[in-house]
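This briefing covers domain layout, the domain interface, salt bridges and selected local sites. Please keep the sequence and the structure in view while reading.

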Amino acid sequence: MEVETTIIGAGVIGLAIAAALSKQDQNIYVIESNATFGNETSRRNNEVIHAGIYYPKDSLKTRLCVEGNRLLRRLCESNQIPFRMCGKLIVATSEEDVIQLEALAARAKDNGVKDLDLLSGAECRKMEPRLRAVAALYSPSSGIIDSQCLIRHFVAQAGMNGVTFVYQTRIEKVVKIIPGQYAIYVVYPDGEKERFTTRRLINAAGLDADRIAASMGLDIDQQGYRQYFWKGEYFSVQWPLSTIRQLIYPVPEPQMTGLGVGVITDLSGRLRLGPNAIFMPNRAMDHTVDPGRLEDSFNAARRYLPSLRREDISPDMAGIRPKLQGPGDPLRDFIIQEESANGLPGVVNLAGIESPGLTACIAIANHVKGLIA
Ligand SMILES: Cc1cc2nc3c(=O)[nH]c(=O)nc-3n(C[C@H](O)[C@H](O)[C@H](O)COP(=O)(O)OP(=O)(O)OC[C@H]3O[C@@H](n4cnc5c(N)ncnc54)[C@H](O)[C@@H]3O)c2cc1C
């Protein structure tokens, strides 16, 4: 079989790319190892529409987040995909935090996020009576989305445009035949193997993206594509629905392994604490939540929510971030790389697509479309 475009992975990124490319191209296959779409990181996250506050100005994370925020809201509005711009408060609980908050506000402004307000502790309490903070940065262009509905929208759009979805099919390796023609080796659940060829390949395999890039013969350490797994655990808060209506985040740690343990609401008003950031040295696909870590998240949240009681929270779920940043490493950007310079024209590798990947998905898809045009 000869395929024009193969997309590895039916997560929100692979699906957004399939929906975007299929507007003009044909003979597109999405290959997914699970029995259905959106079953990995794309359904294990905060579902937050980020504004683009945290990352350096010229990074893809900022550019694609700011652009993605705008495009996502427009898509949701015109396709009845549930979302709510509930706003976000980034809270300072000490005077040192306030200095960081001011630096964050300056960075956000530089990033083109110009609608932030620096609130006093009293103003925070007016907005969220349970909150205790010295000050907070209020972001009205942060929100939440029904990510499963978004994913189903991309599947439907791509399907209507003729994209073929192949499930329960794991890509083992990719081998260059000649530049612009690649052999894809797949394995089915019963162990049977098959091979087909493709002219273009988009590697949106999430946690497996670096392994697939390595199978093409790329040196993932030299290229900086090696991914490290960082689990993010959540704890549900048994408070009445909508007790807190905004997203609450602390000031992030300087290394940004995560954005810190926040209080995240979903569209139903349910509250969760999280996510923490636990380095997983053996890269295990372990989505369990360790009750032994409840205390840490509880203590983190108590700093700004003093009425929270230990008995209010219980283990919920976890997601795994595919980060390019190992322990102690500096912050890294997304990698979205067309590989002509490495002798693999028509191949695009995406690595380190952690947060704000969900927010940025449409902008990422447009970016990939531009790279292979
Ligand atoms: C804890 C946590 C919180 C987050 N919160 C937010 C947030 O609030 N806002 C935000 O914008 N972003 C957030 N993110 C980031 C966001 O969830 C991701 O950027 C996004 O889901 C990545 O989507 P993806 O399609 O790249 O990966 P995935 O959803 O993992 O999809 C990859 C797909 O590829 C398939 N696959 C892998 N290997 C193979 C193979 N060999 N063969 C075939 N198929 C394969 C997998 O089965 C999977 O379905 C968060 C992430 C985490 C972990």
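Is Arg309 buried, partly exposed or exposed? Arg309 is partly exposed, because its relative accessible area is 47%, and under 20% would be needed for buried and over 50% for exposed. The model is predicted. Its chain is divided into two parts, domain 1 (2-44 + 149-226 + 331-372) and domain 2 (88-140 + 228-323).

**Domain arrangement and interface**

- A distance of 31 Å separates the C-alpha centres of domain 1 and domain 2.
- On the domain 1 side, twelve residues make contact with 13 residues of domain 2.
- About 1200 Å² is buried between domain 1 and domain 2, and carbon and sulfur atoms give 56% of this area.
- Of the area that domain 1 buries against domain 2, 53% is supplied by Arg44, Leu207 and Glu354, more than by any other three residues.
- Two salt bridges are found across the interface of domain 1 and domain 2.
- Five residue pairs are in polar contact across this interface, with both residues of each pair at pLDDT 80 or more.
- By residue class, the side of domain 1 that touches domain 2 has six charged, three polar and three nonpolar residues.

**Salt bridges**

- Side chains of opposite charge can pair when their charged atoms come close.
- The structure as a whole holds 17 salt bridges.
- One of them joins the side chains of Arg270 and Asp316, at 3.3 Å from N to O.
- Arg293 and Asp290 form a salt bridge in which the closest N and O atoms are 3.9 Å apart.
- Arg293 counts as partly exposed at 23% relative accessibility, as does Asp290 with a relative accessible area of 32%.
- Arg309 pairs with Glu311 in a salt bridge, with 3.9 Å between the closest N and O atoms.
- Glu311 has a relative accessible area of 59% and is therefore exposed, whereas Arg309 is partly exposed at 47%.
- Elsewhere, Lys61, Lys323 and Glu354 belong to one network, joined by salt bridges that share partners.

**Helix α1**

- Helix α1 spans residues 12-21 and is mostly covered, with ten of its ten residues buried.
- The buried residues of α1 include Val12, Ile13, Leu15, Ile17 and Leu21.
- Gly14, Ala16, Ala18, Ala19 and Ala20 are also among the buried residues of α1.

**The site of Gln325**

- Gln325 is placed in the loop between β18 and β19 (335-339).
- Gln325 counts as buried because its relative accessibility is 1%, where buried means under 20%.
- A polar atom of the Gln325 side chain lies 3.2 Å from the backbone oxygen of Asp329.
- Leaving aside residues up to four places away in sequence, Gln325 touches Tyr228, Trp230, Gln255, Met256, Thr257, Pro330, Leu331 and Arg332.

Technical notes:
Residues are numbered from 1 along each chain as its sequence is written. This is a predicted model: local features need pLDDT of at least 70, side-chain atom pairs count only at pLDDT 80 or more; totals for chains, interfaces and linings use all residues. Side-chain values use heavy atoms; hydrogens and water are left out. Domain bounds come from an automatic or database domain assignment. Contact means heavy atoms within 4.5 Å. Buried area is the accessible area (1.4 Å probe) that two parts lose on being put together, summed over both. A salt bridge is a side-chain nitrogen of Lys or Arg within 4 Å of a carboxyl oxygen of Asp or Glu. A polar contact is a pair of N or O atoms within 3.5 Å; within protein, one must be able to donate a hydrogen and the other to accept it, and residues adjacent in sequence count only if both atoms are side-chain atoms. Ala, Val, Leu, Ile, Met, Phe, Trp, Tyr, Cys and Pro count as nonpolar, Asp, Glu, Lys and Arg as charged, and the others, Gly among them, as polar. Buried means under 20% relative accessible area, exposed over 50%, partly exposed in between (1.4 Å probe, protein chains only). Helices (H or I, at least four residues) and strands (E, at least two) are DSSP runs, numbered from the N terminus.
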